[in-house]
Amino acid sequence: MPGHGVAASALASGSGRRRRQGATNQNNVEDAMSNNAIHHALRVDEEKCRGCCRCMSVCPTDAIRIRNGKPLIFQNRCIDCGKCYRACPESAIRVEQDDFNEIFKYTRRVALLPSILKGQFPETIPKQRIYSELLEMGFTDVFEVGMMWRVFHLATARFIKNNQVKKPFISSFCPAVLRLIQTRFPSLLDHVIPMKAPVDIAALFYRRQLLAQGVPDDEIGTFYVTPCAAKISAVKTPNPHERKILNGVINMDYIYNRVWKRIRGEEKSMPPEPLAETLCEKGVLWFLTAGESEYARGRSLAIDGIANVFEFLENMENEEISDIDFLELRSCDQSCAGGVLTSCNRFLTVERLRNRAERSKNAAPLKDPDRWDDIDDDTEYLVDHIMLGKIKPKPAMKLDEDMGRAMVKMERLRKILAFLPGVDCGLCGSPNCQALAEDVVNGDAVLRQCVFLQKKQVERGQMTLTDAGTILADVWGQNRLDGASIDLEE
């Protein structure tokens with residue numbers, strides 16, 4: 001029965017209809033992270049933070065707690081989706097990036113671009129101008145990752161053909177969604193197509209081209225201009241079984257601001273020939289919602305927005321979804337056009353890229369089509385190197401490694417939830433009552449942090465107001481409780 005499956009999954013990996021069940025003890029976070037070697041791009045600047053807790057409220061994986069008035073990110077829960085980054089009114093959450101000057105360590109400095117970058121600029125700015133500015137900034141080569149869409153289309157079709165029992169197939173395109181499945185929906189990992197990221201294959205392809213020209217491998221540096229924080233995390237997370245292909249990641253908003261400043265500062269005539277390959281319609285739209293599903297065979301769905309993805313995966317794990325062949329799941333609204341490191345309105349970006357795709361339909365062929373031929377010649381090699389091994393879960397929500405102890409904790413969790421009010425006010429420093437119960441069971445919080453229970457205990461003489469204030473000060477900081485003196489008569 002489905003119900004028994006959900007219960008067993010909840011004990012083993014913290015899954016079930018209420019997806020928030022289970023949490024790894026914060027005391028064990030460092031151990032868990034060292035074992036899984038996950039790198040995170042999001043950082044909290046406590047000097048800027050004023051403790052508004054909006055980040056905790058919007059986090060889709062309940063990865064944030066408030067301690068001493070500042071957010072604490074539970075690293076084993078974070079998927080680097082960037083919702084907290086976008087919600088913070090003080091810019092107290094930042095996204096790290098590589099120092100741009102790192103590119104100058106290499107003789108050939110390759111900028112790998114998603115089509116989203118072109119969509120940041122007004123349509124009056126030609127692609128050649130953008131590329132020209134990138135070259136003047138220091139890059140020696142510019143390559144659009146969308147050129148790899150054919151390789152992925154072929155590899156996806158082959159994988160689906162040889163694995164019909166795993167429907168529905170889930171694309172691994174979005175790193176935030178992949179991390180979400182690994183941490184919150186591990187039972188669905190068998191449905192994920194184990195494929196490297198598009199930028200990894202683009203880097204492999206371009207590196208092979210330069211090697212064929214006689215450029216030494218250690219003189220080639222490949223850098224991805226990313227619209228999202230999750231990609232930084234994916235690139236920076238070491239994989240001892242894979243040779244490093246990408247040398248760095250640069251935030252798209254940084255590149256956009258530098259290029260746009262240069263464009264606005266001077267007039268420049270463009271050469272008549274393009275500086276890089278003309279991207280076809282499918283390559284342009286690949287990074288937008290339905291960029292994959294539109295060309296998938298059978299019944300396919302494209303779902304964007306992390307909340308929508310979360311809900312759909314819950315329904316899928318609870319066996320409420322059937323008769324679907326392919327799922328394209330993207331963390332951001334409007335897919336990569338809505339990435340947290342983009343600068344332009346996502347709807348304008350989509351409009352610009354769709355216009356570009358329309359123009360690509362009737363674009364004159366390049367005078368030098370060999371670049372397309374090169375991709376076709378290398379397709380078999382790239383397809384052979386595109387697949388990953390088995391994608392492993394990164395268990396963030398196990399109550400305990402031992403099943404017996406996990407069952408005891410689950411029972412205690414159930415009893416604690418019965419005492420809590422269920423209003424999800426967040427005053428306890430956890431995002432909701434479910435999260436507080438998990439934290440209590442795992443030793444990351446005490447039940448008395450709940451202000452409703454504090455009130456009852458004060459009324460019964462089981463706690464003094466001073467004790468209650470001390471507990472709240474541990475969560476929100478003494479400064480927040482002291483507040484500012486206000487004369488209500490004024």
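Student: Which residues of α16 are buried?
Tutor: This is a predicted model, in which local features need pLDDT of at least 70, side-chain atom pairs count only at pLDDT 80 or more, and totals for chains, interfaces and linings use all residues. Residues are numbered from 1 along each chain as its sequence is written, and side-chain values use heavy atoms, with hydrogens and water left out. Buried means under 20% relative accessible area and exposed over 50%, with a 1.4 Å probe and protein chains only. In α16 the buried residues are Ala-406, Met-410, Leu-413 and Ile-416.

Student: Within what arc do the buried residues of α11 fall?
Tutor: Helix α11 covers residues 252-265. Its buried residues are Met-252, Asp-253, Ile-255, Tyr-256, Val-259 and Ile-263. They line one face of the helix, so the arc seen down the axis of α11 is 155 degrees.

Student: Which element gives the most residues to the lining of the largest cavity?
Tutor: A cavity is a set of points on a 1 Å grid where a 1.4 Å probe fits but cannot get out, and lining residues have an atom within 4 Å of a point. The largest cavity has a volume of about 250 Å³. Among the residues closest to its centre are Phe-173, Cys-174 and Cys-228. With 3 residues, the element that gives the most is α10.

Student: How many nonpolar residues are in the lining of the second largest cavity?
Tutor: The volume of the second largest cavity is about 90 Å³. Of its 14 lining residues, the closest to the centre are Leu-42, Cys-59, Cys-78, Cys-81 and Cys-84. Ala, Val, Leu, Ile, Met, Phe, Trp, Tyr, Cys and Pro count as nonpolar. Beside 2 polar and 2 charged residues, the nonpolar number is 10.

Conventions. Helices (H or I, at least four residues) and strands (E, at least two) are DSSP runs, numbered from the N terminus. The expected span of a helix is 1.5 Å times one less than its number of residues. The arc is that of the directions from the helix axis to the C-beta atoms. On a 1 Å grid over the protein atoms alone, a cavity is a set of points where a 1.4 Å probe fits but cannot get out, and a pocket is an open set with protein on both sides within 12 Å along at least five of seven lines; lining residues have an atom within 4 Å of a point. Grid points are joined across faces, edges and corners, and a volume is the space filled by probe spheres set on the points.
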